[in-house]
Amino acid sequence: MSQDKNTLEVYIKPSGGWRSIDFKELWRYRELLYFLSWRDIKVRYKQTVIGAAWAIIQPLFTMVIFTIFFGRLAKMPSDGIPYPIFSYTALVPWTFFANGLSDTSDSLVSNSNLIKKIYFPRIIIPISAILSKSVDFILAFLVLIAMMIGYGVFPTKAVIWLPFFFLLAVVTSLGVGLWFTAMNVQFRDVRYTVPFFVQAWLFATPIAYPSSLLNEPWRTLYGINPMAGVVEGFRWALLGTNTPPTLIVFVSAAVSILILISGAFYFRRMEKSFADVI
Amino acid sequence: MSKIAIKLENISKQYRIGSLQARYRTLRDTLTDAVKSPFRKAARLLRGEAYGAADLTQTIWALHNVCLEIKHGEAVGIIGRNGAGKTTLLKILSRITEPTSGYGRIYGRVGSLLEVGTGFHPELTGRDNIYLNGAILGMKKAEISRKFDEIVNFSGVEDFIDTPIKHYSSGMYMRLAFAVAAHLEPEILLVDEVLAVGDASFQKKCLNKMSDVASQGRTVVLVSHNMEAILGLCSRAIWLNSGRKEEDGPSQDIVKKYLSSYVERGAWRIPIAERTDRGGTGLIRFVNFRLQDEKGNSLDFVSTGETVDFIFSYIGREEKLSNVTTWFWIRDNFGRELLYFGSRATGQDFEAISGRGELICRIPKFPLPPGKYTIDLKADVNNVRGDRMNDVAIFEVAPGDFFKTGRPVKGIGLFLCDHSWRFNGNVK
């Protein structure tokens with residue numbers, strides 16, 4: 001009967017000020033995190049005709065549109081790589097980031113029935129929203145591999161850095177998402193802001209164009225947009241563009257970690273009001 | 001043995017419920033406010049003012065300095081009228097919400113059931129939902145797998161376990177939901193009114209399962225309006241009144257005190273004409289209630305088995321009222337609706353009556369045993385609700401000679417009815 005050797009002791013008191021995440025507690029609830037992600041994955045493409053193909057169609061069609069308008073018509077430079085693969089390599093992490101961000105921002109509100117009826121560390125909800133998106137990422141990535149083979153583009157040794165760039169996308173998406181989802185509980189305006197925000201961010205990120213269009217030091221400063229680091233990192237790791245984006249990536253990583261930490265603190269501060277306000 | 005499971009000290013909870021409206025506002029005030037207020041709200045939001053952001057200035061105290069101590073193995077019922085803070089207390093114990101002040105400690109693994117089927121997803125199958133709901137309630141995956149067959153058996157939906165639950169009937173849904181909840185084995189179980197849903201046999205099943213839990217030496221805290229459930233399950237009861245702890249003690253005593261206060265402090269103490277807690281358009285308003293016997297003598301109480309007139313005086317807003325329907329319910333101490341009387345049911349609607357008068361309902365052989373009862377009353381004018389009031393009046397029923405035999409009626413039941421006996425010796 002007693003799962004815990006020493007009786008679990010819980011304190012009930014008003015929490016004040018800024019608190020960090022309780023990692024020990026989060027670890028205790030790891031199975032719930034797993035089940036919520038699993039639920040999101042299982043449910044996502046229910047009652048659709050083409051199911052998980054949606055995960056591929058989104059970046060693929062964007063790539064086609066970009067190729068026609070930016071690649072063919074505007075003759076956008078692409079660091080000497082075929083434009084379709086140049087843009088698709090960027091669109092795979094971008095789509096993951098953008099969808100992850102929208103889902104995370106809405107995650108608390110769409111799970112309000114759980115929040116009002118049961119206790120668990122609330123941060124599990126946005127984290128599971130992001131985790132469940134990684135399945136879409138993997139599917140879109142498989143298409144990328146197929147395209148690379150088709151175009152005869154092979155990665156260099158730098159490919160070992162790929163997981164790091166993916167992690168950077170996760171951290172950025174979660175960091176911004178934590179801010180947004182906590183605000184969304186108070187004011188639903190956030191829900192209507194996010195699509196604009198994501199659209200603007202798309203054009204502020206070197207997806208349709210290479211960051212090499214900019215000269216130093218502006219190119220490095222570009223890294224303040226963490227997704228610039230992610231996208232350039234993906235290209236460098238997979239396509240072997242001859243310009244390693246070291247500085248950009250450093251700036252991006254620093255900014256995105258800052259966003260995540262501040263987002264986590266903000267989330268924790270707002271957390272106590274979720275069940276009352278939502 | 002008597003280790004403490006829950007200890008609360010001076011727990012208070014304040015809710016913000018709305019903004020106070022300034023009484024005089026010029027157009028200029030309104031316009032400047034419309035421009036400034038979004039910025040003010042956004043600034044507060046960004047500063048992380050969790051509660052201040054939405055400009056909610058009006059507050060209520062849902063709980064006020066509540067202290068309590070519950071020992072391991074105790075089964076405690078929490079009672080009180082609506083809005084007394086029962087659910088808030090449970091939400092604080094289960095950590096869904098934080099108290100505004102005060103502190104507490106809980107020793108042991110807590111399982112809270114504020115509803116059954118929390119997190120059920122309609123697109124997932126019964127099997128998937130058992131795992132999901134189990135995890136949400138705090139069970140480990142291995143634990144759910146171990147109990148899986150037991151849960152499915154208990155729910156009785158074996159044949160549909162791989163069907164998405166959106167295709168379930170509401171009965172199947174509830175059974176599955178409760179089956180998962182019933183297999184939760186926390187050291188401290190917090191339950192809110194989940195027994196109020198479902199049909200009678202389902203409620204009984206829930207009650208049995210709960211008393212199992214209580215008898216296994218686990219700590220149970222139950223919030224309910226169902227006094228029988230409280231008396232059946234809990235040895236101790238806590239009575240909350242407007243967010244404060246009113247009484248705490250053996251459930252028999254507390255329930256009795258609570259019910260008699262329900263009678264003594266009820267809304268019926270206010271004269272009917274002055275009551276404001278009523279609904280309807282006001283086209284008709286009840287202003288008085290009295291009892292009378294068949295000879296026209298007014299009565300202070302009803303005797304079981306006697307003929308009695310229930311007389312409701314009203315004032316209409318207009319000189320003439322047409323198509324008036326009225327009905328009332330008699331409820332017992334537990335709030336159960338026992339009897340229904342309606343002019344529509346008897347086909348005696350009042351098609352044209354004057355703007356003042358009395359509506360009289362005669363009940364021959366009053367069927368309720370001695371006790372105290374309350375009345376809820378409604379009236380429609382032209383199919384639109386004209387007046388509606390709960391706890392209009394309380395009246396006492398005294399022992400009477402229902403069967404006209406001069407013999408006292410023994411035995412406890414809710415009703416009496418005419419009946420007769422005969423003998424048949426012609427049996428092979």
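## Terms and model

The model is predicted, so local features need pLDDT of at least 70 and side-chain atom pairs count only at pLDDT 80 or more, while totals for chains, interfaces and linings use all residues. Residues are numbered from 1 along each chain as its sequence is written, and chains are lettered from A and ligands numbered from 1 in the order in which they are written.

## Chain A

The secondary structure of chain A comes to 12 helices and 1 strand, and from the N terminus on the order is β-α-α-α-α-α-α-α-α-α-α-α-α. The radius of gyration of chain A is 20 Å, close to the 19 Å that the globule rule gives for 278 residues, so chain A is as compact as a globular protein of that length; the radius is taken over C-alpha atoms, and the rule is 2.2 Å times the number of residues to the power 0.38. Along the principal axes, the C-alpha atoms of chain A fill a box of roughly 65 × 45 × 40 Å. Buried residues make up 47% of the 278 residues in chain A, where buried stands for 20 or more other C-beta atoms within 10 Å of the residue's own, with C-beta atoms placed from the backbone. Of the contacts in chain A with a separation of 6 or more, 82% are accounted for by residues 24 or more positions apart, a contact being two residues whose C-beta atoms, placed from the backbone, lie within 7 Å.

Two packed helices are described by the angle between their axes and the distance between the axes. Helix α7 (residues 162–186) and helix α8 (residues 189–203) of chain A pack at an angle of about 145 degrees, with their axes 7 Å apart; axes are lines fitted to C-alpha atoms, for helices over the stretch in contact, and angles run from 0 to 180 degrees between N-to-C directions. Phe180(A), Met183(A) and Asn184(A) in α7(A) meet Val190(A), Arg191(A) and Val194(A) in α8(A). By class, this contact has 4 nonpolar, 1 polar and 1 charged residues, where Ala, Val, Leu, Ile, Met, Phe, Trp, Tyr, Cys and Pro count as nonpolar, Asp, Glu, Lys and Arg as charged, and the others, Gly among them, as polar.

## The contact between the chains

The contact takes 39 residues from chain B and 35 residues from chain A. On the side of chain B that touches chain A, the elements that give two or more residues are β4 (101–107) and α3 (126–137) of chain B, and β4(B) gives the most, with 6 residues. The residues of that side divide into 18 nonpolar, 11 polar and 10 charged.

Strand pairing also links the two chains: strand β1 (residues 9–12) of chain A is joined to β4(B) by 4 bridges, and the two strands run antiparallel. Within this pairing, Tyr11(A) stands opposite Arg105(B) in β4(B).

An automatic or database domain assignment divides chain B into domain 1 (4–8 + 69–264), domain 2 (20–55) and domain 3 (273–398). The centres of domain 1 and domain 3 of chain B, taken over C-alpha atoms, are separated by 38 Å, and the contact takes 4 residues from domain 1 and 5 residues from domain 3. The domain 1 side of that contact has 3 nonpolar, 1 polar and no charged residues.

In chain B, 6 strands form an open sheet of mixed pairing in the order β5-β6-β7-β3-β8-β9. Its edge strands, each pairing on one side only, are β5 (110–113) and β9 (244–250) of chain B, and neighbouring strands are turned by 15 degrees against each other on average, direction ignored. Strand β3 (residues 75–79) and strand β7 (residues 219–223) of chain B run parallel and are joined by 4 bridges, with Gly77(B) opposite Leu222(B) in β7(B).

## The partners of β13 in chain B

Strand β14 (residues 337–342) of chain B pairs with β13(B) in the antiparallel sense over 5 bridges, Tyr340(B) in β14(B) being the bridge partner of Trp329(B). β13(B) and β14(B) form a hairpin with 5 residues between them, and Gly335(B) in the turn has a positive phi of about 85 degrees.

Definitions and conventions:
Two strands pair if DSSP finds at least two bridges between them. A residue is buried if 20 or more other C-beta atoms lie within 10 Å of its own, exposed if 12 or fewer, and partly exposed in between; C-beta atoms are placed from the backbone.
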